[in-house]
Amino acid sequence: MVDHLTLLQIDPTAAIAPNVDLVSWSRLGDGYDHSDLRFALEEERSLVEHSSYIRPMDDIGLILATARDRLHPSALEWIDANAGFRADVLGLLAAEGPLTAAEVPDTSQVPWQSSGWTNDKNVDRMLELLCRTGEVAISGRRGKFRTWDVPDRVYPADLEIPSYDDARAVLDARRLTSLGIARPTSKPQGEEIGAAGLGEPCVVEGTDGEWRVDPDALAAAEQPFEPRTALLSPFDRLVYDRERALELFDFDYVLEMYKPAAKRRWGYFALPILHGDRLVGKLDAKVDRKARLLRVFAVHEDFPWDPAIGDAVDAEIGALAEWLGVVIAGEGYGSLWQ
């Protein structure tokens, strides 16, 4: 699954479950368990955490080869201005790693300047940036904290770093395979979301401009389609590009966790609802772990649902609660669509 998606985005929000688990459950079903991901990361080492994503270990050479795409010139200048700090970090990890950021002294010569999120976090920024350049690697987790080490103890011994052009071509092709359809080019949102000019040009009825389609996806469109209903994470790649979701699915969505409660339309961490080939609504719910409850506050219909959609969504909410090991609480649950 991660190989097909090319990545899983790591996000600390866990109103329902951590994003990496929620995406995995949505796509793999009730057979998925968090221990599966932990095994792939820590034991099997088929996956690796890099920056804010979990990626296939086989892709790490491609990611390091294209590191400049994820590094602002000002970040490189800051590393150069802290040559001694960088040397201290690398030397300490080589001698004593893996270590958490809290175990690495701040010997910076020039503090990191930011708008507020990363002020006074010189060690965190240095480790993150050195991870992107390939000089440091994330070896695992100690509780919720990342542990850092030298790459030789994390990445495969036979790791090869291809040329930038070769790596970019492979990543672009794999991204289009994952998305199926995308605009020819796009402005990155952390990760590139366009087709980079690849794929078959096409026009989508009801939208303006050209789209690009993965040839294999185009061929698969002729095959029988088996619809299902799914509750998606807001960070699932199907809906991550909000403009694409609006254009292709007429699905309006904004992650409202940073809005005051009174200004939210759909909820703190509303889950997009997929039914067949349509995005049909949002689920406003939150897990109360202490009480072991899935509190359902509202189910928002983007259009009036027929009973079949309501029943399918009911069943999926029930499956979510069962997977989480909690009981559903909500006055409207089970009768919202009567």
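Analyst: What follows is a set of questions and answers on this predicted model.

User: In what order do the three strands of the open sheet run?

Analyst: The sheet is open, and the pairing is antiparallel. β1 (8-9) and β2 (47-50) stand at the edges with a single partner strand each, so one side of each has no neighbour in the sheet. The order is β1-β3-β2.

User: How many bridges join β2 and β3?

Analyst: Strand β3 covers residues 53-56 and pairs with β2 in the antiparallel sense. Leucine 47 stands opposite proline 56 in β3. Valine 48 has arginine 55 as its bridge partner, and histidine 50 stands opposite tyrosine 53. The bridges between β2 and β3 number four.

User: Which residue in β3 is the bridge partner of glutamine 9?

Analyst: β1 and β3 pair in the antiparallel sense over two bridges. Glutamine 9 has its bridge partner in β3, and that partner is tyrosine 53.

User: Which residue takes a positive phi in the hairpin of β2 and β3?

Analyst: This hairpin has two residues between the strands. The phi in question is near 55°. The residue is serine 51.

User: Are the faces of β2 covered or open?

Analyst: In a regular strand, side chains alternate between the two faces of the sheet. On one side of β2 sit Leu47 and Glu49, and on the other Val48 and His50. These residues are all buried, so the cut-off of under 20% relative accessible area applies to each. Both faces of β2 are covered.

User: How many of the residues of α2 are buried?

Analyst: α2 is mostly covered. Its buried residues are Asn19, Val20, Asp21, Leu22, Val23, Ser24, Trp25 and Ser26. Just after α2, glycine 29 takes a positive phi of about 95°. Of the 10 residues in α2, the number buried is eight.

User: Is threonine 100 buried or exposed?

Analyst: Threonine 100 sits in the loop between α6 (83-96) and α7 (122-133). Beyond its neighbours within four places in sequence, threonine 100 is in contact with Arg142, Phe145, Arg146, Thr147 and Trp148. Its relative accessibility is 9%, and the cut-off is under 20%, so threonine 100 counts as buried.

User: What distance separates the centres of domain 1 and domain 3?

Analyst: The domain assignment gives domain 1 (1-161), domain 2 (163-223) and domain 3 (229-329). The contact between domain 1 and domain 3 takes 17 residues from domain 1 and 23 residues from domain 3. Taken over C-alpha atoms, the centres of domain 1 and domain 3 are separated by 29 Å.

User: What is the volume of the largest cavity?

Analyst: A probe the size of a water molecule, rolled over the atoms, shows where empty space is left. The count comes to one cavity of 30 Å³ or more. The space in the largest cavity is about 40 Å³.

User: Which elements give two or more residues to the lining of the largest cavity?

Analyst: The largest cavity is lined by Leu5, Leu7, Leu8, Gln9, Asn19, Val23, Phe235, Asp236 and Arg237. By class, this lining has five nonpolar, two polar and two charged residues. Domain 1 and domain 3 each supply at least three residues to the lining. The elements that give two or more are β1 and α2.

User: Which residues lie nearest the centre of the second largest pocket?

Analyst: The second largest pocket has a volume of about 1200 Å³. Its lining holds 31 residues. Nearest its centre lie Leu179, Gly180, Phe225, Leu238 and Phe249.

User: How do the residues that line the second largest pocket divide into nonpolar, polar and charged?

Analyst: Several helices contribute to this lining. At least two residues each come from α1 (2-5), α2 (19-28), α8 (164-179), α9 (215-220) and α10 (242-249). The lining of the second largest pocket divides into 15 nonpolar, seven polar and nine charged residues.

Definitions and conventions. Residues are numbered from 1 along each chain as its sequence is written. This is a predicted model: local features need pLDDT of at least 70, side-chain atom pairs count only at pLDDT 80 or more; totals for chains, interfaces and linings use all residues. Side-chain values use heavy atoms; hydrogens and water are left out. On a 1 Å grid over the protein atoms alone, a cavity is a set of points where a 1.4 Å probe fits but cannot get out, and a pocket is an open set with protein on both sides within 12 Å along at least five of seven lines; lining residues have an atom within 4 Å of a point. Grid points are joined across faces, edges and corners, and a volume is the space filled by probe spheres set on the points. Ala, Val, Leu, Ile, Met, Phe, Trp, Tyr, Cys and Pro count as nonpolar, Asp, Glu, Lys and Arg as charged, and the others, Gly among them, as polar. Two strands pair if DSSP finds at least two bridges between them. Buried means under 20% relative accessible area, exposed over 50%, partly exposed in between (1.4 Å probe, protein chains only). Contact means heavy atoms within 4.5 Å. Domain bounds come from an automatic or database domain assignment.
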